[in-house]
Amino acid sequence: MAFPDKPIAHLLGSNGPVHALAYSASPGTYILAGSADRSIRLYNPQPSTSIHPASSHLSKKGTGSAGSVVPEGRLVQTYSAHGYEVLSLSVSADNARFASAGGDRSVFLWDVASAQTLRRFGGGSSHGHSARINTVCFAGDDDALLISGSLDASVRVWDVRSGAPKPVQVLSEAKDSVTAIAVHGPEIVAASVDGRIRTYDVRACQCVTDVIGPSVTSLSLTKDGKAVLVGGLDNKLRLMDRETGGCLKTYADPGWRNEDLRVQSILGGKEQYVVAGDEMTGLPGQHAEGRIWAWDVVSGEVKATIRVPWGPAGSEPKKKVVGRDGKEKERTYVISCLAWREGGFGDQFCASGTSGVVTVYGYS
């Protein structure tokens, strides 16, 4: 399978950076995007002829969209309840609900069709997280549980069915911020800035800790759960054997940087590729372009490097970036979030970051 490097849609409307992306469950028709503007948007990436929304932070030169090389997807619904930025999203297996979390220390459970919140976990509650929530995901039979990880160094397990304000379990072994969570059966895999990955077997009440070293900011499990792709702040990605804790393969490149920011990495192309964004540090003259990198899972060779424009052709940010010295600074496009259709086994993926534009890639 060749790497799907053709941009097939732009998803517009966000009034700030996009921090989280998620496809709907199989067949993955829709895309959810969580933004710094405190909203979540549901898109159909199939092209439409709509022009940029008036509220968008992108302005378009000329009229209409005939000049766009890449068509625009359709904005289906906007979900608004968060008081701060949205940092994580998770979709239930039946596509009827999704969960969101972010800077307001709350986990929201949404009804997709009505765009209403069904439950709110945490927030001002004494049982909730005391700092922003970095990650959330469904777990358990029939997605009966929600797992959240926070800057407060804890993992909390919430009962979706009862809606109880108190978590059914609090896992507090981490010594620093919990940045990513993955679930496989009865196991919760949690990554932390303390450089550890902790695997909790909730049935056996056991915790196994694997020491990575650098701060861990991203996790992506293989479908069989036997390996996990780990992103850390040392310019390297690692594929780890979950049974032995050994490193199966390391992915890096002299031109790729990930030292300071949380940049997501995922497995895609039926687990043939490791895909990651880029901090774009130390690269002047990029004209606000971002980059996506793809490595071969087995060989570790770079198979694709995609330059991602700030937005559609003919568009530009309304606001300029001005430094403390009063001079205009070059705008940097950090690709920080990714999602691949059907859990890495579909025919397209999407990416976004500081520009607020979601670019969808597929095959020509």
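Is cysteine 205 buried or exposed? With a relative accessibility of 68%, cysteine 205 counts as exposed. The views below are close-ups of a predicted model.

**View 1. Cysteines in the predicted model.** A disulfide is a covalent bond between the sulfur atoms of two cysteines. The search over the whole structure returns 0 disulfides. For cysteine 337, the closest cysteine sulfur belongs to cysteine 350 and lies 7.7 Å away, too far for a bond, because a disulfide requires sulfur atoms within 2.5 Å. Cysteine 337 has 0% relative accessibility and counts as buried.

**View 2. The open sheet β15-β16-β17-β18.** The 4 strands are arranged in that order with antiparallel pairing. The edges are β15 (178-184) and β18 (206-211); each has a single partner strand, so one side of each has no neighbour in the sheet. From one strand to the next, the twist averages 20°.

**View 3. Pairing of β17 with β18.** Strand β17 covers residues 196-201 and pairs with β18 over 6 bridges in the antiparallel sense. Arginine 196 is placed opposite valine 211 of β18.

**View 4. The largest nonpolar core.** This core has 18 residues, and those touching the most other members are Phe3, Val275, Ile292, Ile306, Val308, Ile335 and Phe349. Two or more residues come from each of β24 (273-276), β25 (290-296), β26 (302-308), β28 (335-340) and β29 (349-353).

**View 5. Surroundings of isoleucine 335.** Neighbours within four places in sequence are set aside here. The remaining contacts of isoleucine 335 are Val263, Gly277, Asp278, Gly290, Arg291, Ile292, Val308, Ala351 and Ser352.

How values were computed: Residues are numbered from 1 along each chain as its sequence is written. This is a predicted model: local features need pLDDT of at least 70, side-chain atom pairs count only at pLDDT 80 or more; totals for chains, interfaces and linings use all residues. Side-chain values use heavy atoms; hydrogens and water are left out. Buried means under 20% relative accessible area, exposed over 50%, partly exposed in between (1.4 Å probe, protein chains only). Two strands pair if DSSP finds at least two bridges between them. Axes are lines fitted to C-alpha atoms, for helices over the stretch in contact, and angles run from 0 to 180 degrees between N-to-C directions. A nonpolar core is a set of buried Ala, Val, Leu, Ile, Met, Phe, Trp, Tyr and Cys residues joined through side-chain atoms within 4.5 Å. Contact means heavy atoms within 4.5 Å.
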